[in-house]
Amino acid sequence: MKYSFLFILAILSGMALNAQVKPLYAATYIPDSLKKEADVVVRDQQQELIIKNPGKGTLSVKRVVTILNAKGKDELIFRGFQDKFNKVGDIDIDMFDEWGNYVKRLKKKDLSKFPIGDGISIANDDYIIIGELTTDKYPVTVEINYTLTYNGFLEYPDFDFQEYDASIQKSSFKIVTSKNNRVRYKNYRCNLTPLIQETGDNISYYWAVNNVLPLKSQPGSAKRDNPRVLISPSLFEMDDYAGDMSSWKSFGKWQSSLIKQTNQLPPAQATFYRELVKSAGSDREKIKILYEYLQKNFRYVSIQLGIGGWKPFSAEFVDAKKYGDCKALSNFMQATLNAVNIKSHYAVINAGSDQMPVDPDFPQSAFNHVILCVPQPKDTIWLECTSRTQPFGVLGNFTENRNAFLITDDGGTMVSTPKSKAEQNTYSANSVITFNEDASGSVTTVMSMTGEYISEYDHYLFEAGEQTRKQYLINVRGFKQPDEMKLEKKVGTHELLVVEFQGEYEKIPDFSTGSKFFLSQRLNKFWVDNLPKVENRTNDYYMDFPLVQNDTTVIKIPKGFIVDNLPKNNSFEFSQGSFKALYAFDATKSEVSIINFIKVTGNKIPAAKYQEAYDFFNKVLKELQQKIVLKKE
């Protein structure tokens, strides 16, 4: 039978058109329950990790997402990351309209590749591959297919099956590996059981979920405090360094192999550091001398090349160059202590004020930083070797209250880092306000601070420019906008910062009515933040740090004025803190004094205690809003 050319062309065109239409991607097929309170719906996500041996493997990903509105437009951007140990392979990105009709396609050749610069690395081999689709019509569906090829394993992806503001129609994760290299896994805030099958020499693990509602964003949560399955290798290999992660002890032996022989100094330099501490009367004094020498003479840079993400540069290199990353500086500090016969431990940790402690019962490479631990007979000294300002023996909220992975002589072990106490982070303000008869006035405020307050205030008030300084004082710390101001650092050490603020004001009161003048309790804010309102909170809330704040303000009143209203003393508390407000008028001196005190004993507020904390801080703010009323006779 013969067919005309046009007839055949019509058939082929129809087949091509049908291939570009995926009716199942139509938004009408999404159940209404999954659209509610969601910006995107993950229609189908399939991940398959094939582990060929401890150092090689391939991850294949298919992700189909319907973007319901412009809030979900980040899903229009593909971001792939690669370095020496993993390469992004084929990439296909297709967009479909509301009814599942094909709109456009991006392939790998259409994407851009950029080196990743973090502003502090002098060298790295990390790259990002970016492709972006655009649309002004929603809903749209994006299908992404890509592969990652691994030439080195230290960690496997976790199964993150629930996302913020995104519901999941179906999602699965499959891992295929050798029976001799079984995958380890542990549920976090979930109860999922994998399907496990053995075929020949291989074993596979398969997790799947369906119809999962979106997580709602809960401000103040730690990073990755979401339900997921933790997944980790047993055997692994990076850059020909083979290891066993089935226990912290065995994982520590691998880490120890990376730092072996790197923490020793040449004889001449070892002698130099012994001479540096020869007059010290104790080991603690020796450690402090060496640490402060490090702070004054060495600087932090990031170096992320190949195995350099895990292996430090030698102490000899750091000593010569006077710089290094967290690994290299900690390793160097250990070398100086070795030179004076003081034992210490390289400590790997997850750093960041919004980070949760690593699970001590599940060996996993979940770290991003290195510090140093120096055991002593009566206590343990912890050293943050990247900071030029951190007080000796104080970690701060960057690494405190975590689980550190200590590298020991026989491998590794997990220990807790110290918890800071509220009394270590103090802020005190003493203000004298002179209130003139014409309602103008001036203020002198002396602010004294310790601990975590020091670095923030020092940075914004003295390291930043004039405009940033004013914005910080007024917009962040709530100082009343002065007509003229002067700022002076009275004391500036690692342990104490004292700052004096002087301001001139054309009008001191917030407002006046007739002969009455309504004044705020001070010309700076004592407490500026309430906790965000979150119903049915499930995540713990993390404040920056535990703290103690005191504020004493004295208002000098001119002749011809009386105090028309003065709030009553008040105090209240919750399970992790307390607040006091005291008010007094001294008629003989014509002075009103206001004293506020707040103490928060822990930086983590458990989800079950969140409403109690929310109510407490609400009461604090309400109390601070009460006015002092002066009346002109």
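Before anything else, a word on names: helices here are DSSP runs of H or I with at least four residues, numbered from the N terminus. Thanks, everyone, and please keep in mind that this is a predicted model.

Let me take the second largest pocket to begin with. About 1100 Å³ of space lies inside this pocket, and 39 residues make up its lining. Which of those residues lie nearest the centre of the pocket? They are Gln-390, Pro-391, Gly-451, Glu-452 and Ser-455.

Now for the elements around that space. The biggest contribution to the pocket lining comes from α8, with 8 residues. That helix runs over 452-463, and at least two lining residues also come from each of the strands β22, at 380-383, and β27, at 484-492.

How many cavities of 30 Å³ or more does the count give? The answer is 1, and the largest cavity holds about 30 Å³ of space.

Here is who lines that cavity. From one stretch of the numbering we have Leu-294, Gln-295, Phe-298, Arg-299 and Tyr-300, along with Leu-329. The lining also takes in Cys-385, Thr-386, Ser-387 and Arg-388. Helix α5, covering 283-297, and strand β17, covering 299-300, each provide at least two of the cavity-lining residues. Sorted by class, the cavity lining has 5 nonpolar, 3 polar and 2 charged residues.

That's my tour; happy to look at the structure together with you now.

Notes. Residues numbered from 1 in each chain as written. Predicted model: local features only at pLDDT ≥ 70, side-chain atom pairs only at ≥ 80, totals over all residues. Heavy atoms only, no water. 1 Å grid on protein atoms, 1.4 Å probe; cavity = no way out; pocket = protein on both sides within 12 Å on 5 of 7 lines; lining within 4 Å. Points joined across faces, edges and corners; volume = space filled by probe spheres on them. Nonpolar A, V, L, I, M, F, W, Y, C, P; charged D, E, K, R; others polar.
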